Amino acid sequence: MTRTLIAHLSPLPDGPVEVAGWVETVRDQKKVQFVILRDETGAVQLVNPATRDLGEDASDAERAAAALTETIGGLAHGTMVRVSGDLKHDERVKLGGLEVKIGSLTVESEALPETPIAEDSSLDKRLDWRFLDLRRPEANLIFRVQTTFEHALRTYFVDNDYIEIHTPKLMASASESRAELFELGYFEGTAYLAQSPQFFKQMAQPAGFGKVFEIAPAFRADPSFTSRHATEFTSIDAEISWVASHEDVMRMHEEALAAALGAVVAKHGAAIEEAFGVALAVPSVPFPRIPLAAARRIVAEGGYEIPRADGDLDPEAERRLSAWVKANHGSDFVFVTDYDSTIRPFYHMRHEGDASLTNSYDLLFNGVEISTGAQREHRVDVLIEQAREKGLEPEELEFYLDFFRYGVPPHGGFGMGLARVLMLMLGLSSIRETTYLFRGPTRLTP
């Protein structure tokens, strides 16, 4: 007999089945024992009539039944078992309306009796024992949602003739600046962990690839301890040729997100609402677009003075702006556009006729920034000038500037953090919950 996943039991007729998973709970009553068994797809109730207090003349069958009763009574939470028995549909059973009467039970791997984490353990404690924490059905659902979301994004890109690239994560020089870079020894020299595939995905434009995407790790030596920052994260990046402005990038970005969220709603919408209380909906496109200057006015008119001196929005301003957009436009998303050139990288294209503004945007989702996108500057002389304005030496950017010396089309793209999108999608409080194994300033294990 082959193993049946618990989620696949319901359509089966009553009769013999084999299931396997870990013990969640045991109720060891005098006359009957109940075991809740969980696998990667769900939970099922197992039942065993208890056999106890045998006499000296007990039969071999009775002794085997008593041994099974003793084994079940000693099962610790997390013990991995394989069970053969008879499936029975019974609407009186609260857990799925079915149960399995145990015929035989094999302990494949015993668990220690004392579990190091509990339901009320802190997030940091749970992360210490992440492999146990991930057994929670909610955690399982998070990464099923992640799988669907990523697959749908890839489907959108592939169906629209994008090329998937895999850029190196070891770099000889800084990708944007030396800020927030991890430095490491590299044979006789020094290398840096890539904080973004920015330069390499731009390299695909003079290469004639046209439209490219990547879903891969990125690294930031950022000592932040906020709920939305990590030192290693998965970045979703795309870059496209022949754009007229950042509007073309935003259109691509919102289409991809709508397609991916649509797939998540179709496959997991009911489960998300049950587990997290979030009624996820497919967003309407186009998303609202609000220039940064107008966004600052909206926030100010709402009674909040942004404390930043650089003119950018702070997290509270992002929340207030998003609340305004939700109330006035009914959208969970908003593009904040036309950022000041003083707060954007040197490679963002400036407005024609107004060099103080850039053809760029941030995308906010449920009050939090999830992405930055822009049209890139593709004229090498302008790039050199803008790099110098930012205090960068063109000599350090020669390998990058070479991309633009042999012909490159107007282009643009975005980068977006996967764990942050999932956090906001599911209404969770930290990307630590939506990252398989989180890395931060004080966490390198497990």
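In this predicted model, the centres of domain 1 and domain 2, taken over C-alpha atoms, are separated by 49 Å. The domain assignment places residues 6–109 in domain 1 and residues 126–433 in domain 2. Contact between the two involves 6 residues of domain 1 and 4 residues of domain 2. Together the two domains bury about 410 Å² between them, and carbon and sulfur atoms contribute 46% of that area. On the side of domain 1, the residues that lose the most area to domain 2 are W22, R38 and E40, which together make up 70% of what that side buries. By class, the residues of domain 1 that touch domain 2 comprise 2 nonpolar, 2 polar and 2 charged residues.

The chain as a whole contains 11 helices and 18 strands. Its C-alpha trace spans about 100 × 60 × 40 Å along the principal axes. The chain has 446 residues, and 50% of them count as buried. Among contacts in the chain with a separation of 6 or more, 63% are made by residues 24 or more positions apart.

Within domain 1, which covers residues 6–109, H89 belongs to strand β4, residues 80–89. H89 has a relative accessibility of 33% and therefore counts as partly exposed. When neighbours within four places in sequence are left aside, the contacts of H89 are L9, S10, L12, P13, D14, G97 and L98. One of these residues, P13, is 76 residues away from H89 in sequence, but the C-alpha atoms of the two are 8.0 Å apart in space. The side chain of H89 takes part in a polar contact with the side chain of D14 at 2.7 Å. The H89 side chain also reaches the backbone oxygen of L12, at a distance of 3.3 Å.

Over the whole structure, the search returns 38 salt bridges. One of them joins R92 and D90, with 2.9 Å between the closest N and O atoms.

R251 counts as partly exposed, because its relative accessibility is 35%. Salt bridges also connect R126, R130, D133, R136, E138 and E433 into a network.

Helix α9 comprises residues 380–389, and its buried residues are V382, L383, I384, Q386 and A387. The elements that cover these buried residues include strand β14 (350–351) and helix α10 (398–401). After α9 comes G391, which has a positive phi near 80 degrees.

Another glycine, G440, is located in the segment that follows helix α11, residues 418–426. G440 counts as buried because its relative accessibility is 9%. The C-alpha atoms of G440 and P223 are 7.8 Å apart in space, while the two residues are 217 positions apart in sequence.

Definitions and conventions: Residues are numbered from 1 along each chain as its sequence is written. Side-chain values use heavy atoms; hydrogens and water are left out. Helices (H or I, at least four residues) and strands (E, at least two) are DSSP runs, numbered from the N terminus. Buried means under 20% relative accessible area, exposed over 50%, partly exposed in between (1.4 Å probe, protein chains only). Domain bounds come from an automatic or database domain assignment. Contact means heavy atoms within 4.5 Å. Buried area is the accessible area (1.4 Å probe) that two parts lose on being put together, summed over both. Ala, Val, Leu, Ile, Met, Phe, Trp, Tyr, Cys and Pro count as nonpolar, Asp, Glu, Lys and Arg as charged, and the others, Gly among them, as polar. A salt bridge is a side-chain nitrogen of Lys or Arg within 4 Å of a carboxyl oxygen of Asp or Glu. A polar contact is a pair of N or O atoms within 3.5 Å; within protein, one must be able to donate a hydrogen and the other to accept it, and residues adjacent in sequence count only if both atoms are side-chain atoms.
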